[in-house]
Every structure is written in C-alpha cells, then in structure tokens.
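Thanks, everyone. Please bring up the model on your screens, and I will walk you through it.

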Amino acid sequence: MKRMMLAGSALIALAGGVAMPALAQPAAAQVAVPNNVLLAEWTGPYEGVPPWDKVTPAPFPQAFQFGIDEQRREYLAIANNPEPPTFVNTIEAMEKAGQRLGRVGAVFGVMTDNMSTPQYEALDKEWSPKLTAAGDEIILNPRLLQRIETLYNNRASLGLDAKQTRLLERTYEYFVRNGAKLNEQQKAQLSGINQKLSSAFSEFNSRLLKDEATITPASAAEMTGVPKDVRDAAAEAAKEKGLPAGTFAIRNTRSAVEPVLTFADNRALRQKVWRAFVNRGDNGNANDTNGIIKQIVKLRAQRAKLLGYPSHAHWRMQDTMAKTPERATDLMMRVWPASVARVKEEVADQLAIARKDGLTRIEPWDFRYYQEKVRKAKYDLSEDEIKPYFELSNLVNGMFWSAGQLYGLQFKENTGTVPVFHPDVRTFEVTRNGEVVGLFYLDTYAREGKRSGAWMTTYRSRARLLGDDVVLASNNNNFTKPAAGQPVLISLDDASTLFHEFGHGIHYLLVDVNYPSLGGSQRDFVEFPSQVNENWLLTRPVLERFAKHYQTGQPMPAALVDKIKRADTFNQGFATVEYLSSALVDMKLHLDPNGNVDPDAFEKRALAEIGMPREIVMRHRLPQFAHLFSSDAYSAGYYSYLWSETMDADTWAAFEETGDPFNKTVADRFRTYLLSTGNETDRAEAYRQFRGRDPDVNALLKRRGFPTDGVVTPAPAAAPAQPAAERGR
Ligand SMILES: [Zn+2]
C-alpha cells in the first residue's frame, strides 16, 4: 500500500475492503482542510515541491485521517452519482481522486525509507493497516464496481480511444482481481488479511532495519588488505559508535560488507562479517523475522485461495508480461544450469590460488576474495585499479551526460534552492528541448534509519489529466560517506547500481501519459529501462570522459578500458547464481498452495532441490528478503529482473548492431515506443514495434558469456501496470 501510494498513481494506489457507509457524505469541496503542513498543496517552483524542511512526525496522524476521509468522500461521490456512469464521471473521476492522500503518502514513504526513527516506525505500524483498509473500501464498494462493470460491458460502444479502453479494461480487471466480486463475508475476510499483511510488512521492515544498524568491530590488524577509503569509512563508523580510536566498525549493509569480503586478507574477519550479513533477521533474537515471514506466506496463500487462484504466485502474476509462474520459471531454468556450470569453473580457478594459502575448499566468505585474485591473475585487473577512476561525482556527471546524448535530458544542479529531507541530498533541474520536465533528488549516502540497497521513487509522476507536467524523481543509494574532504570512490558494482537506479529515473522523467494509472509499469517490465541503462557505464565515451583519476584527473587509460571490456563476462556464474537462486526460492515459496512453511527449512530444501553450489549464498536469504516481505510488490516477482534482462540484452544488442552505443535513431525509437508510453500500450507489442520482433533470450545468454541455444524466446503475452517505487536488485 505505502509503495503503491508513492507512485502518486490514483487508481492502482488504492488496493485493498470494508463495506462503505451507505449514505453519501458531503462533497470534498465543502470540507475545510485543516492547517497542516502535510495537507497543504505543495508550493514553490516545479509546480510545487514537498516541504521537506517542515516535515516532522507530529502532523501525520491528522494528515492521514483527513486524507483518508477526503478520499472516501471523493469515491463515494463517484459511486453514488445519480447520473448514469460515463467514462468521465467514473473512470476519469477515479483517476483524479485521492491526490491529497497520495501526497501525504509520498512524503511518509521517504521518512520511513530514508529518514526512519522510532517515531516514524510507530506511525508506519499504526497507519499501514488503516491505509490498506481505506484502499480496500474503494475496491470492495459494490456500487462503484457496478458502474465500472456497466462501462466495461459496453466498452465497444462508448466511443473510447485505445488508451481509454485500456484504462477501463485494466481498472475493471484490477477491481475483480482484488476481490470486488466477492460476497460480503469474503470481503470482510479479505480486508482483514490485507490489514494483517500491512502490519506484518511494517514489522518486517523495522526488524530488518535494526539488524542492518548493527556493526562488526575490527582491529587494525584484521583490516589488512582492505583499501584505504573503506578503512577510513569504517574508522568513521567506529567513531560514531563510540569505539576506541584505532578500531574499525563494519556496518551490516551491502556496500560496507562487500569490500571487506573482497579485500580483507584475514579470513576470520571475512567469516565474521559474512555471517553477520547473511544472518540479518535470522538470529533468534528480537529482530528475527522468521515468524513474520511464516505469517506473511500463510496470509498470502489464504488470500489467493479466497480470490480463486491456486497460489499467491498465480495471483501476483496476473498483471505481468510473463503471465504465469510456469513461464517465469521456464526462463529461469533455461539460464540456471549454465550458471551453475560456470560457478564450478570459477571455483576451480579460485582453488588453484587458494591452495597456496593452505585452503582445501572455498567457503562462501572466501568467494569474493579469491574471485578478486582470479580477476587479477586472468585479466590483470583489480577493483583497486578501477576504483581511483570511479569517483562518484564524476560518474554522476557521466550518467547525466549519457542521458543527454541519448534522450536530450539536461541536468543542472540547484542544490540549496529547494527543500531537501537531509543536508546530503543534492537536487537537479531537468530540462528537455529547453522545457523544464523534472526535478531530480539524489540521496547518495548510507545512514542509520535509511534502508539498505538502492531504489528510485517519484514524489510526482507526469499525468497530463491532473496537470502534473513536472516530474519529481529521486535516486537513493547507500554509498559509504567518506571522511570530510575525501573523494567517494565506488566499485564497479556500485557504479552499475548508480546507472541502474538512474535508468528508472530516466524512464519516469520521460513517461508522458494522460492518465496516472497508465504511467506505471508491470513488475517484469519495470527493471528493463534500468538494466538497459547500466550498459552505458562501460562504454568508451563515458569512461574516457568521466572515469578520471581522482588525484591526477587523467582519464582512464585505454589499456585499462580494454582490460575491463575483456573481463566483461568474468564472474557471471557467481552473479547469476546469487541472483537466480533468490528468484527461484521466491517463486517456489509463493507457489505453495497452503503457505505452511518454516522459512529456514524451506530455504534449505528449495536450494537443495535446485542444486545450489555450496560456495555461494542467495543474494537475499529469506530472513532479509525485503523485496518479498516489506510489501507485496516484488513477491513472486524477483524473477522480473531476469525477464527484464531478456529485453535489456536484446535492446543493447540493437545499439551495438549499429556500432554506436549512442545511436540516435535507436535511442529515439527506444524512448518513443518503450519509455515515454508508460503503460498506455501493451508492453510486448511496444517491444515488437521497437525491435521488429520479440526479444531473443540468446542475447542475454551471450552477454553473460553462457552458451547460447538458438531457441527464440516465446512471445511474452499481453498483460496490464504499477507504480514508481523501484527497488535495486
Ligand atoms: Zn531496479
């Protein structure tokens, strides 16, 4: 629910069931809006911006309650309209409803994701279920359904254009899929389940945040081999945590942990840091999430049954390109064996080196360390060598430049001229063809109270119907903040993440639709624009211009660029297995028709079934799998990165075929058919318009350096969309 509201997308925002009061209430306009900073229209430049500088926890309860009541009045006015239903007085009116609550939700989402405190956590736990109930109230209103259904049944004779027809069909299907046709008793049951799920999601989040706020202490001797910038950041963290001078603290987040696993010569430290990270949420203490997960999986199975689906996965996959769990699983299993085979080769390469250190086998906490040694041996390439050229602000300029070349987007920093929620947040005015199209917020650094990983959100998406022309988009990363005056040097992996999230940003900055509900994307399409964008990082024009040595200012030497290129498919076994195992376990978990699972035991069994290499752990183990348990959004949907990647690799091939990664014709077609259209057209059809055919899985296999098999991907079936709050992988 919260995720959905972040989209500011009116209709889809309102999932969720309680019988509505039968009597019409006064129209919205007649009710005075209380003096509350969260309820006021956003003011200032860019069609109004969120008043981040004035946001505190105190006004939220009143704002939520007023927003919910106003939304109820707006929908009741539609449902109880004495006029016969028309597209305008029903569907369009629904698109316009709930905007104030959407704004409150957009602000709240940032406070819980980027700036969480115990007060916000408490608000989240209290209000998530209430917001869910408010959404359900709309979906489960029989009069509203009746109006939508009347229009739906007569859609051929209403004189609607293709987009309006698509919106009407999607709205109807959305209502039905979410329980609008259940009987009253079932509706009450459904709403109860949805509210319990909301509470469980909040609880999961807050426990995970607490485990991610823990640290692993280390001595100077243990930190041998760790690069200076990582050590400096760990020293800074130790200072914050009040540890004695000369000691180090390794935060329990991916960006802090991975460099230690890659470089620390001290095996015991690697093991300690690895254990803390992979056991987040799984320590049998107050932050343990297994009980919550058990409850979530059970509730989801009950809901699926109530709604008439064999499993949660079947229900969730309705509005996707893949359409069914089987098709998604088929794609995953087509890639899995090659990736496992590749891991065996990678481990053999590592062992050849590790034996010299007296190791007889590679443990999971050794993998990244020896992988780095193999990279050095095979390609004469080390992260250490790349990093001095990957200075964050240069790379940010590089991603902006790339978006300018491809899509004509121009970014001009205006930090300090608009409110931000934290002093580290930078802002940029975005123009295209001389016209202001957006404001881009960049929140770079990890901090306590910010969830881990990387993600993008829009505080406002473009929807011409609402007069929303200027997009407010954000990128959120968790790079380690350097000591004062030090540059931020990031790894190749982190740089890819930077470009990934920016790809989401580009997508939403370019989306140009009339109806808010046609602005989002299906879950398995949404990672396509972001993954494509990762490709431009390692192009020569970007590296030559923006990968400059942080001390000398010299561009990355051509020889190093060549080495990076040659090492392109290095370690793809590990990367693919780490990701795919998580995606396969997600799908298996949500295919269970009864949802009676013990998460730890289930995970072990599922991994044994697929033959998980023992040297690798899932990228997200279940106890910390926020994609699955912080909301419904990516549940039975983690596969979507791979689905999106088939389109991504095939799209990148289209650029490469021209010999120019910045080919203007291909970029124009990509923007016109696939990016700016949001979900106004069928996504599979849009892809065919772009490429002249369906995406070819071989492009993906080839890119990862796996053997190709000459089989062409089955055409993704047509399917319907969702909002803008996208998680990084
Ligand atoms: Zn993403």
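I will go from the overall fold to the metal site and then to one helix pair.

Keep in mind that this is a predicted model. The protein has 28 helices and eight strands. Along the principal axes, the C-alpha atoms fill a box of roughly 80 × 55 × 50 Å. Of the 729 residues, 63% count as buried.

Now the metal. Which residues coordinate the zinc ion? They are His-500 and His-504, each through NE2, and Glu-527 through OE. The distances run from 2.0 to 2.1 Å. In sequence, the donor spacing reads H-x3-H-x22-E. Both histidines sit in helix H18, residues 492-510. They are four residues apart there, so about one helical turn separates them. Are these histidines buried or exposed? His-500 has 3% relative accessibility, so it counts as buried. His-504 is at 0%, so it counts as buried too.

Last, the helix pair. Helix H10 covers residues 254-263, and helix H15 covers residues 364-379. Their axes come within 6 Å and cross at roughly 65°. The crossing is right-handed. On the H10 side, the contact uses Glu-258, Leu-261, Thr-262 and Phe-263. On the H15 side, Trp-365, Arg-368, Tyr-369 and Glu-372 take part. By class, that contact has four nonpolar, one polar and three charged residues.

That is the tour.

Notes. Residues numbered from 1 in each chain as written. Predicted model: local features only at pLDDT ≥ 70, side-chain atom pairs only at ≥ 80, totals over all residues. Heavy atoms only, no water. Axes fitted to C-alpha atoms, helices over the stretch in contact; angles between N-to-C directions. Helix = DSSP H or I, 4+ residues; strand = E, 2+ residues; numbered from the N terminus. Left-handed = near helix turned anticlockwise from the far one by under 90°. Contact = heavy atoms within 4.5 Å. Nonpolar A, V, L, I, M, F, W, Y, C, P; charged D, E, K, R; others polar. Donors = N, O, S within 2.8 Å, 3.2 Å for Na, K, Ca; no water. Buried < 20%, exposed > 50% of the residue type's maximum accessible area, 1.4 Å probe, protein only.
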